[in-house]
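Good morning, colleagues. Please take a moment with the sequence and the coordinates before I go through the packing and the strand pairing.

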Amino acid sequence: MIVVARVLIDSPLPQLDRLFDYEVPPALVAEAVPGVRVRVPLRTAGRVVDGYLVDVVTAEAPERPLSEVDAIVSPVPVLTPELYALARRAADRAAGSASDILRLVIPKRMVRAEKAWLAAQAPASADEIAPSATPVSGDAEDWADTVLAPYPGLADAIAAGERLAIDAPPHPSASLTVGAWAELLAAIAVRQLAAGRSTVVVVPDHRDEEQVLAVLGVWLSDDAVVRDDARRSGPERYAGYLRLRSSRACIVVGNRSTVYAPAHDTACVIVWDDGDPLLAEPLSPGVHARDAALIRQELEGSSLVFAGHTRTTDIERLVQLGWVRQLAAARRTSPTVVLSATREGESHGARVPSSAFAAARDGLREGPVLVQVARPGYAPVLVCAECRTPARCRHCTGPLRARRPGATPDCGWCGRSDPTWTCVQCGAAKLRMASSGSERTADELGRAFPNTRVIVADGAHPVTEVDATPALVIATRGAEPHARGGYRAVILLDGDRMLLAEQLRIGESALRWWSNAAALAAPGAPVHLVGVAGPVARALATWTQAAYARAELADRGPLAMPPVVRVAAVEGTPAAVEAALTELRVAVPALGATAGAVLGPVPLPDDLVRALVRFDYAHGRNVADSLRASVVAEALRGRRAARRSPGRSGSGNRTTLRVRLDVPELDL
């Protein structure tokens, strides 16, 4: 009998995405426990690689001897069985590799941080440590109950492990410079921690993270909260991950990869604002945090809460199916939204109508006023003054822009300046500013409101919060700072330009941008949406975002567009894509019988092609398995070709077939 270790190789190669058997030498048997990092030989590569020991079994010695585990890298089990099961399920659903997901979750080993953690655990092991007293005071519990009181049945639903969709309160906090939504999420987590269970809070970016942490910092000690994001140093992140290995309950707050955090006895996973593109993982296999949370809830039986100021069509679809339950507040609250349009007698080119201008003037008497614009910079778009042809860079065809009045135009892509620009259509040499960015808007409104402080908040000028004194805050969408006590007026400009983007979800996105900005207004303060009409504007004015999502879902059904169906993108050489599609039609015969199920292939740069595959959710597993098999087959074919022609540099390493399921944004 021998001891066999089943190891997952940490490699991006698709053909290595399975468990390999290795014999554990007698000297390593004591340390060879599931979850530890190991180094094992890879026969085909002739080298030693890293991996995770997933399971250890005792078996009869096979006729062909197994390779032996080379070394145990660390005695700390960093891969829990629950995390491996989640990574495996998520990867299989997305036709990807489990190691790619684990690479996002498990930080690199930091020896000094690991030694400090091991010293703190001595003499008992991590699994033998008795849980400490729940670090929640009576005042914190009372506060959490007060915050959750407007949502009848919420605490019971979370305790029962339900999947919920919640519309967050659309107003600022009364005591902190954060949104009331952050208090709601923190209250849910505090209530679970008081019961001795953990909560995982997933937010799009560091600004949202700071708000939740600010609320938790008021009621909990530092050791009860684990911050999980890439902004921390390597040792800090690894120490935080090791903290999750203890048997003490905690609250984990972080970005998209935090959805996989292996917290002890997780009671609830909360995903805030799932429509934010930052929650869509750009790295392979590209699993959205929303989908990973749904898989985790199914595996663990924990509760799952989707909260936001708007409702995505993805969540609304699940609500209509009964898979997610909508839980509303006992009393509905909403901002005061005004649809502002140019009045009779005003210039139709007026960017700020008189009603919005008056609201800004009145608001500045009491405190700050927010003006949301579409783009940063001074003049992000320049056109020919004669024929209105967009000005393009002569080197890379990127858009030309102006950083200040009278400045030489430069390219937004390559950065080259072009002082001798001439129009390719009419030959004119004079440019015209076709749009106003945040800096130009600040310049114009600064002249309209003299002796008023003007603050610009965008990617180049990050501002997280402002005080309660009068000020004009010009911010791009998503970069709006919080104001103490809320803004006394909110002006939403450039809404018509935002809706012109050629994106399937542009209506959803615009409604989310405007709703998040409206939620920054003080109670009763006016919110003016300028120059926009139609369903999106009406949804904002009546604060019926869920109804808009239902209408969008109904419109997409006959067109077979996401999220009514799932979409896979298949990219590679023409031969590889055609072979993958042929195998897919055999594996899923329903695709061949459905008109428009396969779109393309269409040409791409570098002699590649791309095809889109639209399929029903019921066929998801078969589609993923077939496409994954094609990726593995193509990788092996490329490796064999490299062996036959060793002189062809890089031919065996180039990926000739790439697959992504659930494409976040289709090219229209």
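Helix α2, residues 98-105, is mostly covered in this predicted model: of its eight residues, seven are buried. The buried residues are A98, S99, D100, I101, L102, L104 and V105. What do the buried residues of α2 pack against? Their partners are strands β1 and β4, the latter spanning 47-59, together with helices α1 and α8, where α8 covers 234-244.

I turn now to the nonpolar cores. The largest one has 49 residues, and within it I106 and Y260 have the most contacts. Helix α1, residues 81-93, gives the most to this core, with six residues. Leaving aside residues up to four places away in sequence, I106 touches R37, Y52, V78, L79, L83 and Y241. There is also a second, separate core of 42 residues, which includes V147, L148, L184 and A249.

Next, the sheets. Five strands form an open sheet in the order β2-β1-β4-β3-β5, with antiparallel pairing. Its edge strands, each pairing on one side only, are β2 at 19-23 and β5 at 71-72. Strand β1, residues 2-9, is joined to β2 over five bridges in the antiparallel sense, and R6 stands opposite D21 of β2.

Strand β14, residues 368-373, runs parallel to β23 and is joined to it by four bridges; here L370 stands opposite V490. Strand β24, residues 526-530, is also parallel to β23, through three bridges, and in this pairing I491 stands opposite H528. In a regular strand, side chains alternate between the two faces of the sheet. In β23, A489 and I491 point one way while V490 and L492 point the other way, and all are buried.

Finally, I would draw your attention to a helix pair. Helix α14, residues 506-518, packs with helix α16, residues 545-556, at an angle of about 170°, and their axes are 11 Å apart. Angles over 145 degrees count as roughly antiparallel, so α14 is roughly antiparallel to α16. Which residues make the contact? From α14 they are G507, E508, L511 and S515, and from α16 they are Q545, Y548 and R556. By class, this contact of α14 with α16 has two nonpolar, three polar and two charged residues.

Thank you. I welcome your comments.

Technical notes:
Residues are numbered from 1 along each chain as its sequence is written. This is a predicted model: local features need pLDDT of at least 70, side-chain atom pairs count only at pLDDT 80 or more; totals for chains, interfaces and linings use all residues. Side-chain values use heavy atoms; hydrogens and water are left out. A nonpolar core is a set of buried Ala, Val, Leu, Ile, Met, Phe, Trp, Tyr and Cys residues joined through side-chain atoms within 4.5 Å. Buried means under 20% relative accessible area, exposed over 50%, partly exposed in between (1.4 Å probe, protein chains only). Helices (H or I, at least four residues) and strands (E, at least two) are DSSP runs, numbered from the N terminus. Contact means heavy atoms within 4.5 Å. Two strands pair if DSSP finds at least two bridges between them. Axes are lines fitted to C-alpha atoms, for helices over the stretch in contact, and angles run from 0 to 180 degrees between N-to-C directions. Angles under 35 degrees count as roughly parallel, over 145 as roughly antiparallel, 65 to 115 as roughly perpendicular and the rest as oblique. Ala, Val, Leu, Ile, Met, Phe, Trp, Tyr, Cys and Pro count as nonpolar, Asp, Glu, Lys and Arg as charged, and the others, Gly among them, as polar.
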